[in-house]
Structure formats: C-alpha cells, structure tokens
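Here is a friendly walk through one model, for reading alongside the viewer. Please keep the sequence and the 3D view open as you go.

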Amino acid sequence: MSHGAAQPLASRLSYAQCWEDWRVLCDALEVGPGDRVLSVASAGCNSMALALRGAEVVGIDLSPPQIALCELKLAGAFLSYERFLALLGLAPGAPLEVYAELEPRLSPSSQSFWQAHPQLLVQGLLGAGRFEHYLATFTRRVLPLIHRRAAIRGLIDAKSPEDQRAWYDLHWSTWRWRGLFRVFFSRWVMARLGRSPEQFAQVQGAVADRILTRCDQVLGGQALDANPYVQWILEGAWRSIEHTHPYLTRQGHAGLAQAAERISWVQSSLEAHLPSCPPGHYTAFNLSNIGEYLPTPVWESLYAGLLEAAAPGARIATWNLFVPRACPPALADRVQRHPARSAALLAQDRVPFYGAFVLETVR
Ligand SMILES: C[S@@+](CC[C@H](N)C(=O)[O-])C[C@H]1O[C@@H](n2cnc3c(N)ncnc32)[C@H](O)[C@@H]1O
C-alpha cells in the first residue's frame, strides 16, 4: 500500500459519483482524438467524459471496489438506455437482473465484488458510495433542520444572479446554516462519516470554514438550475439527467460503446503505475486530488515520475481540497503554470468544495 489512506480506500466503495466538475476537467485538458490520458478513475464519470471526447484513457484507481464500479458503468454501454438507467437506479427496473446480464463482461475481481455486495445495486448505485451516504445524511437529516423546501427551491430557481445573491444573503446564509454546516462538515464528522481519518493525515487545521467559503461562492453566485452537484446535495436528486454527467445523457450513452474501446481500467496506485509507462507517453493527466493523501516527499517523487511519462505539452489537472498540491518547486522549470486560467476554471467549478484547481503544462 502506497499511503495511509490507501487501505480504507481499497476496502470499500467510497465514491459512486465523481465529485470533481467534469466540465472544468474537459475545459482544462482540451483532449480529443490522438490524446492519451491518465485519469484517476474514482467513480469513472470523468474518465468516461474524456473518452467521449475522443481521447484514449487509462482510468486508474488503487481501489478494487472503485474499479468494479467503473467496469460496471462502462459495461452499461451495451444496454438499452432505459436498462442502463435502471442499472444505475435512475429509472424503474430490476438492477440485479440487469447486472446479471452484464456480469460476463466484468473482470473476475469485479464480479466477486458485486456478488458480495448486491445491496449496493438494489439501494441505487449512484448513491452507494460512503461519500454519497454522508451527503445523503446531510440532505435528509441536517438540511431539513436548517431550511424548508421552499428555501431550497428559491435558491435553485432564482431568476437572476442578483435575485440569487439576495436570496442567499437574506434567506440562506443564516446562523443556523453556518452553525450546523460547520459541525457536519467538520474534520471530525467528515473523517468518521464521509471519508476516513487517514484521508486527513496531511491536512493542517480546521476544514469546515474552507468549504463554507466555497459554498458561499457557488450557492450565492453560480446558476444552479443546471448544477448537478449542488442539486444532488440539496435535493438528493437531479432536476434533469441531460444536465448531469456526459455518460448519463441519452447522447452520451449512445457514444459510450465506441468510447469503451478507448478506455482501460487499471487497478493500481499512480505511484506504482508511472514507472512502468513508456517515457513521454501521456498527453494529459487528471489527478483528481490524490496529492491530498500523500506526504510531500511521496508527492514529489510521484510528480517526477509523471513528468517522465508525460509528452511535451501534456496538460495536468489537479484539484486541491484542503492540501496545496501542484508541481513541486524542485521541478518547477519543467512545467508552465497557468494561475489566471486555473483561477478562472475554479470560479466556474460547480462542486462547492475545492480550495484550488491547478492547471499545468509540461514544457
Ligand atoms: C483522490 S479520491 C478524491 C475524491 C474526492 N475528490 C474527495 O476529495 O473526497 C478519488 C479516487 O482516487 C483514488 N486514489 C487515491 N489515491 C490514489 C493513488 N495514489 N493512486 C491511484 N488512485 C488513488 C481513490 O481510491 C478514489 O477512488
């Protein structure tokens, strides 16, 4: 195991959805046919979004349950759209029956995972990760103590940015919102219910206020009627599937069987994978926020390995939640940073969590 968080991450399904904005990723990496991307797999949504743009994608994750989820979602490319939605718990149907049809397409280890965890399919796959359970507790138990449904609708359905900001300031950002938010998204509660203590090993200081600041920017300042991330958190569901992840839309699903030929899922840590890559192979990287869990020297050596595996001009996308991670100073002359573009991308980021988004280009 490569780092302390690897053990809990490898032992469970942590994420049933990717909680990094796919639009930011696609805008940052600008991939298309001819690109070769190394992409942290997580729940597969963002790796599939990149492949739907024509890139070849290696979706990598150290966690066997995450890879089992990615394999299953991608196998859903070979279903009718209606059965695909039923598999994911987004339409009526019998997910276990649909699963049985797809099982032969999965690797033996993914088959074993789903055979041991049928309840994840029955309960609704896209809510099945530990992190989605945590968010569901917020949506169902905590948020009703703060706001009525009318207040939630008032925020999401605001007619103009000015109306929304006024609604946020006047009706939303109350002492009760800030107080209960700070408790529920505290390091202590998040480590025990949503993530794991090991995922905070590199984090300095309290965390809730950092997320609250970002929530203030997104909930008060961005259009929410097409924001799937905020809708899921506040309403527990999406308003329209067409405004969610590319692989979930009717058009995206229609392209998924072809995209599947361009995706391979690899169960490994990035640290272990990079030394085996041909030099100069990848033209883009989606690092999610994996640097968050790595001690600085491990991050530095991972980054050095990444630069060996990168083609000149390769683009690197990294999110920072609580821990600042970007090209290490010792390697700074080998990459170009794009602070203004990175800040602009963060401002568009529809997930109300992250402290920074970092876009870098290999020289
Ligand atoms: C980095 S986590 C972050 C998810 C979300 N942004 C958050 O902060 O809670 C996303 C995925 O990365 C995987 N992961 C973490 N460290 C990794 C590493 N060093 N190599 C490969 N995958 C890793 C985890 O198993 C997980 O599925």
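Does V266 count as buried, partly exposed or exposed? V266 counts as partly exposed, because it has 16 C-beta neighbours inside 10 Å. For this label, a residue is buried if 20 or more other C-beta atoms lie within 10 Å of its own, exposed if 12 or fewer, and partly exposed in between, with C-beta atoms placed from the backbone.

A word on the model itself. It is predicted, and local features need pLDDT of at least 70, side-chain atom pairs count only at pLDDT 80 or more, while totals for chains, interfaces and linings use all residues. Residues are numbered from 1 along each chain as its sequence is written.

**Around V266**

V266 sits in strand β3 (residues 263-267). Helices (H or I, at least four residues) and strands (E, at least two) are DSSP runs, numbered from the N terminus. V266 and I60 are 206 residues apart along the chain, yet their C-alpha atoms are separated by 4.7 Å. Not counting residues up to four places away in sequence, V266 touches V58, I60 and H273. Here, two residues are in contact if their C-beta atoms, placed from the backbone, lie within 7 Å.

**The ligand shell**

Which residues come nearest to the ligand? Of the 23 residues around the ligand, these are L9, S42, S63, S269 and I290. A residue is near a molecule if its C-beta atom, placed from the backbone, lies within 6 Å of it. By class, the shell divides into 11 nonpolar, eight polar and four charged residues. In this scheme Ala, Val, Leu, Ile, Met, Phe, Trp, Tyr, Cys and Pro count as nonpolar, Asp, Glu, Lys and Arg as charged, and the others, Gly among them, as polar.

**Two serines with positive phi**

Most residues other than glycine have a negative phi. S42 has a positive phi of about 50° although it is not a glycine, and it lies in the loop between β1 (36-40) and α3 (45-52). S42 counts as buried because it has 29 C-beta neighbours inside 10 Å. Phi of S288 is also positive, near 50°, and S288 is found in the loop between β4 (282-286) and α18 (296-309). With 23 other C-beta atoms within 10 Å, S288 is buried.

**A helix pair**

Two packed helices are described by the angle between their axes and the distance between the axes. The axes of α4 (residues 64-75) and α7 (residues 108-116) come within 9 Å and cross at roughly 95°. Axes are lines fitted to C-alpha atoms, for helices over the stretch in contact, and angles run from 0 to 180 degrees between N-to-C directions. On the α4 side the contact is made by P64, P65, I67, A68, E71 and L72, and on the α7 side by S109, S110, F113 and W114. These residues divide into seven nonpolar, two polar and one charged.

**Two domains**

The domain assignment gives domain 1 (6-77 + 256-362) and domain 2 (130-243); such bounds come from an automatic or database domain assignment. Their C-alpha centres lie 25 Å apart. The contact takes 20 residues from domain 1 and 20 residues from domain 2. On the side of domain 1 that touches domain 2 there are 13 nonpolar, three polar and four charged residues.

R130 lies in helix α9 (residues 130-146). With 18 C-beta neighbours inside 10 Å, R130 counts as partly exposed. Leaving aside neighbours within four places in sequence, R130 is in contact with R12, L13, S14 and G194.

**Some pairs across the chain**

| Pair | Apart in sequence | Apart in space |
|---|---|---|
| R130 and L193 | 63 residues | 7.6 Å |
| D157 and A272 | 115 residues | 46 Å |
| P197 and A94 | 103 residues | 36 Å |

D157 is placed in the loop between α10 (149-156) and α11 (161-172), and P197 in the loop between α13 (187-194) and α14 (208-221). D157 counts as partly exposed, with 13 C-beta neighbours inside 10 Å. P197 is partly exposed, with 14 other C-beta atoms within 10 Å.
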